[in-house]
Amino acid sequence: MQDNKSDRARKANILFITSDQQRADCYGFEGRMVKTPHLDQMAREGTRFSACITPNVVCQPARASILTGLLPKTHGVSDNGIDLPAETGGRGMAGALARAGCATGFIGKAHFSSYFTFKPTGTPECFDSSPDFGPDWVGPYMGFEHVEMMLLGHNRYLPSKPPRGQHYERWYHGDGYGDERDRLYSTHLPPETGTPQTFHSGLPVAWHNTTWVGNRTIDYIRENQAKPFCLWASFPDPHHPFDAPEPWSRLHDPEDVDLPLHRTRDFDRRPWWHRASLENEPQLPAHLKKLREEFSRIPELSDAQLRQLIANYYGMIALIDHNVGRILTALRDFGLAENTLVVYSSDHGEWLGDHGLVLKGPMMYDGLLRVGLIARGPGVPRGKVSAQPVSTIDLLPTFLDYAGASPLGSYHGSSLRPLIEGDATRDFAFNEWDMRVGRCGVPLDLRTVRTRTQRMTVEQNTGAGELYDLVNDPHEMVNLFEDSGYRKVRQELEGMIAARPDDALPQMTPVGTA
C-alpha cells in the first residue's frame with residue numbers, strides 16, 4: 001500500500017475523454033445555445049485551447065493520430081477503411097504509459113481498425129471477425145491492457161447480436177431483452193422531424209451507449225484507483241444519425257438553436273474538389289457504395305430541417321456532458337480529482353449546415369477542422385484560454401510528460417505542457433488527407449495548415465487551393481488563394497506545408513470502407 005501511495009504522488013493519472021464529431025464551438029462557453037454545464041465548469045477550472053485542430057477530418061485517421069502522435073501518412077491510416085498496424089498502435093500512448101507502470105484502459109468506440117470490410121480481417125473491430133473474440137476477451141489491444149468496446153456505436157445499425165459484436169453489444173443483449181430494445185431503438189417518436197438521419201429515439205436512456213460508456217468508465221476508475229492509470233473513455237456521439245433518446249432529444253427547442261450565418265452551397269466560388277466530392281460516385285462494391293452514398297451524404301436542408309438536426313445534435317452532446325459530470329463526480333468521490341489530469345476533446349468536427357453542408361468531407365471549413373480541447377488537473381491553470389494553433393497529435397507527448405513516461409518512438413506531436421503552464425507559442429498546426437476513390441470517386445491529396453489568423457488547403461495533385469483570412473473573414477467566404485495581395489502570406493503557408501517531415505509511408509491498401 002505504501003508503494004501505491006508513493007507511486008501516485010509521483011505520477012498523475014490520465015483520464016482522456018473524447019466525443020465523436022463534436023465541433024469546437026458546440027460548448028456552452030463558446031457562446032452557442034448548447035447546454036454543457038459540466039464541460040463549461042471543466043473549462044473554468046482548467047485550460048482550454050481555442051485553436052486546436054484535428055490532423056484528419058474523419059474517424060480512423062484522426063483516432064490513429066491521437067493514439068500514435070503521428071500524422072496520418074506516417075502511421076499509414078490516411079483514410080477510413082485502412083487498419084492501423086498493431087505494432088504501430090502498440091508503440092503509442094497506451095504502450096508507453098503501460099511501460100511506465102500505468103494501468104491502461106480503453107472504453108467505448110475505438111475505430112483503430114475497420115468495421116465494414118471486404119472480407120474478415122482478424123481484428124476485434126471487424127464485424128465479421130468479432131465472433132472470434134470470446135465473451136472473456138478484454139484485450140490487450142493497440143497497447144491498452146484492458147479494453148471494452150462497442151462496434152460502430154452509431155445507430156444506423158442496431159447493436160449486433162452475439163456472437164458478433166463486443167462488450168456493449170453483449171451487455172445490451174445479455175438478459176434476453178435485446179429484441180425489445182431493438183424495437184424501441186428503431187422507433188421514431190413523434191413528431192417526425194422531416195429531416196434526414198434525424199429522429200427522437202425510443203430507446204430508454206439507460207440502455208444508450210453513451211450511458212454505458214459513462215457507467216463503465218466509473219467502474220474502471222473504481223477498480224483501478226490503487227495505482228496510476230491512463231484511461232481513454234470514448235463516446236461515439238454526436239456522430240450521425242442524430243437520434244438522441246428522450247428527454248435529451250427535446251432538451252433544445254429547434255426554434256431556439258443558432259443557425260449558421262452562411263448556409264447555402266456556393267461551389268462556383270470554391271476549388272474544384274468541393275463540387276466533385278459530392279457529385280461523383282464512390283468507386284466501391286455495390287453494397288458498400290450504397291452505404292457510402294446514403295449514410296455519408298445529406299442533401300442541402302431547409303432552415304426548418306436544419307433546426308431539427310442541430311437541436312438533436314445538441315441533445316446528443318448534452319447527454320455526453322451529463323455523463324462527463326458523473327465521471328468527474330466519481331473522481332472526486334474516490335479522492336482522485338487532485339491527482340488526475342482530465343482532458344476532453346473530439347476526433348473531428350462537423351459542418352452542421354456551414355455553407356449548406358452537413359456531416360464531413362474534404363472541405364476543411366473551421367467547423368469541421370477545429371475541435372475543442374480542455375485540460376484540468378494538477379498544475380493546470382484555472383480559466384486560461386490559449387489561442388495557439390495546436391493539434392490532437394500533441395496529446396500523446398502531453399500525457400507522457402505529465403505521467404513522467406518515456407516515448408517508445410518518435411512523434412510528430414509536442415507536449416502542450418509548456419503552453420498550459422507557461423507562455424510557449426506555436427506557429428501552425430497541420431492536417432492531411434490522402435483520400436481514395438472509394439469515398440467520393442476522385443482521389444485527393446489534401447494538405448492544410450491553420451495558423452492563428454489563416455487557413456490554407458492545397459490539393460497536391462492539381463495545385464488548386466483555398467486560403468482564408470480568419471480574422472477578417474471568420475466564416476471563410478472569400479478565397480484569397482489567387483489574390484496577389486496575399487502572395488507573401490500564401491508563400492509562408494506553403495513553406496509550412498513543405499516543412500512536413502519526409503517520413504510518409506507508401507499507400508496502404510484499404511480493407512473496407514470504415
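Predicted model: local features only at pLDDT ≥ 70, side-chain atom pairs only at ≥ 80, totals over all residues.

Mentor: Begin with the overall make-up: the protein chain has 17 helices and 16 strands. Its C-alpha atoms fill a box of roughly 70 × 50 × 45 Å along the principal axes.

Trainee: What radius of gyration would a compact globule of 514 residues have, and what does the protein chain have?

Mentor: The rule puts a compact globule of 514 residues near 24 Å, and the protein chain has 22 Å, so the two agree. Burial is another thing to read: 62% of the 514 residues are buried. The chain exposes about 18500 Å², with carbon and sulfur atoms supplying 51% of that area.

Trainee: Among contacts between residues at least 6 apart in sequence, what share joins residues at least 24 apart?

Mentor: That share is 73% in the protein chain.

Trainee: Now a single element. How should I read a helix?

Mentor: An α-helix has 3.6 residues a turn, so residues three or four places apart point the same way. Helix 3, residues 59-68, is mostly covered, with 10 of its 10 residues buried. Among them are Cys59, Arg63, Ile66 and Leu67.

Trainee: How is empty space found?

Mentor: Rolling a probe the size of a water molecule over the atoms shows where empty space is left. A pocket is open, whereas in a cavity the probe fits but cannot get out. In this model the largest pocket holds about 480 Å³ of space. It is lined by 23 residues, and Arg23, Asp25, Asp366, Pro474 and His475 are the closest to its centre.

Trainee: How does the lining of the largest pocket divide by class?

Mentor: It has 8 nonpolar, 5 polar and 10 charged residues. The second largest pocket holds about 350 Å³. Of its 15 lining residues, Gln41, Glu45, Ala337, Glu338 and Arg376 are the closest to the centre. Helix 2 (37-44) and helix 12 (303-333) are the elements that give two or more residues to this lining. Helix 12 gives the most, with 4 residues. By class, the lining of the second largest pocket has 5 nonpolar, 5 polar and 5 charged residues.

Trainee: How many cavities of 30 Å³ or more are there?

Mentor: The count comes to 5. The largest cavity has a volume of about 220 Å³. Its lining has 18 residues, and those closest to its centre are Asn80, Arg292, Phe295, Ser296 and Ala514. Helix 11 (residues 286-295) gives the most to that lining, with 3 residues.

Trainee: And the second largest cavity: which residues lie nearest its centre?

Mentor: Ser277, Leu278, Ser296, Arg297 and Lys360 lie nearest, out of 19 lining residues. The volume of this second largest cavity is about 160 Å³. Helix 10 (272-279), strand 13 (429-435) and helix 16 (437-440) each supply at least two residues of its lining. By class, that lining has 11 nonpolar, 3 polar and 5 charged residues.

Conventions. Residues numbered from 1 in each chain as written. Heavy atoms only, no water. 1 Å grid on protein atoms, 1.4 Å probe; cavity = no way out; pocket = protein on both sides within 12 Å on 5 of 7 lines; lining within 4 Å. Points joined across faces, edges and corners; volume = space filled by probe spheres on them. Nonpolar A, V, L, I, M, F, W, Y, C, P; charged D, E, K, R; others polar. Buried < 20%, exposed > 50% of the residue type's maximum accessible area, 1.4 Å probe, protein only. Rg over C-alpha atoms; globule rule 2.2 N^0.38 Å. Contact = heavy atoms within 4.5 Å. Areas by Shrake-Rupley, 256 points an atom, 1.4 Å probe, with all protein chains shown as cover.
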